[in-house]
Amino acid sequence: MGLSVAGVPTCPHTKLPQFLADIRNVSRVLHPPETYTGVMTDSDYWPGKKFGLPQDGPRSTPTYLRRVLGLGIDWAIAVGISVAFFDYNGLWTLGVFVVLQMVGGLLLAGSPGHLITGMRIAPVRGGALGMLAPLVRPLMVALVIPAVMVDEDQRGVHDRLVGTILVRR
């Protein structure tokens, strides 16, 4: 930080107020040196690196597009079942969605949408998925907010709570 003008810190290189210098440096604005967790980020960091996951290919973290597509497939299946058996009741649709996610997680380590789009749920510690994660995770996803609050590894609150990460198959 340089000298301040009217109490506003200035950038020593551009002599602009610091917040304007930061805006001009798009890279710094889009990729700040610290994440909200306070962990310093590395310029060669990719989601899943701290868990030993590769950057691309099998066992890497999937893109948001793939995740949303898998979620859409699961929701479409739940809507189809709800239309066929429950007169398209919204609460039943959500219930079918949660059960679909639970059963898929317990039996196949992923919902039908996950499996169709080439993803699966993996424990970050390695080994088997267990019983708790496939039962708790869908309940949190149904609440929506935990699923959209993601960290630098693209893990939502629902994944951090049960110690899982979504990976490509």
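## Helix α4

At the start of α4, a side-chain oxygen of Asn89 comes to within 2.8 Å of the backbone nitrogen of Leu91. This is a predicted model: local features need pLDDT of at least 70, side-chain atom pairs count only at pLDDT 80 or more, and totals for chains, interfaces and linings use all residues. Residues are numbered from 1 along each chain as its sequence is written, and side-chain values use heavy atoms, with hydrogens and water left out.

Helix α4 covers residues 90-108. Helices here are DSSP runs (H or I, at least four residues), numbered from the N terminus. The 19 residues of α4 reach 26 Å from first C-alpha to last, close to the 27 Å expected at 1.5 Å a residue; the expected span is 1.5 Å times one less than the number of residues. Buried residues of α4 include Thr93, Val96, Phe97 and Leu100. Buried means under 20% relative accessible area, exposed over 50%, partly exposed in between (1.4 Å probe, protein chains only). The buried residues of α4 pack against α3 (64-86), α5 (112-116) and α6 (132-142). Just after α4, Ala109 has a positive phi of about 60°.

## Nonpolar cores

Ala109 also belongs to the largest nonpolar core, with Met119, Ile121, Leu129, Ala133, Val162 and Leu166. Such a core is a set of buried Ala, Val, Leu, Ile, Met, Phe, Trp, Tyr and Cys residues joined through side-chain atoms within 4.5 Å. Apart from it lies another core of six residues, among them Phe97, Val98, Met102 and Val141.

## Salt bridges

The whole structure holds five salt bridges. Each is a side-chain nitrogen of Lys or Arg within 4 Å of a carboxyl oxygen of Asp or Glu. Lys50 pairs with Asp153, with closest N and O atoms 3.2 Å apart. That pair links distant parts of the chain, 103 residues apart: Lys50 sits in the loop between α2 (26-30) and α3, Asp153 in the loop between α7 and α8. Asp153 is buried, at 0% relative accessible area. Lys50, Glu152 and Asp153 form a network of salt bridges.

Asp159 bridges to Arg137 at 2.6 Å between the closest N and O atoms. This pair joins helix α8 to helix α6, 22 residues apart. Both Asp159 and Arg137 are buried. Arg160 bridges to Asp151, the closest N and O atoms being 4.0 Å apart. Arg160 is partly exposed at 32% relative accessibility, whereas Asp151 is buried at 9%.

Key:
Helix = DSSP H or I, 4+ residues; strand = E, 2+ residues; numbered from the N terminus. Contact = heavy atoms within 4.5 Å. Polar contact = N/O pair within 3.5 Å; in protein donor to acceptor, adjacent residues only side chain to side chain.
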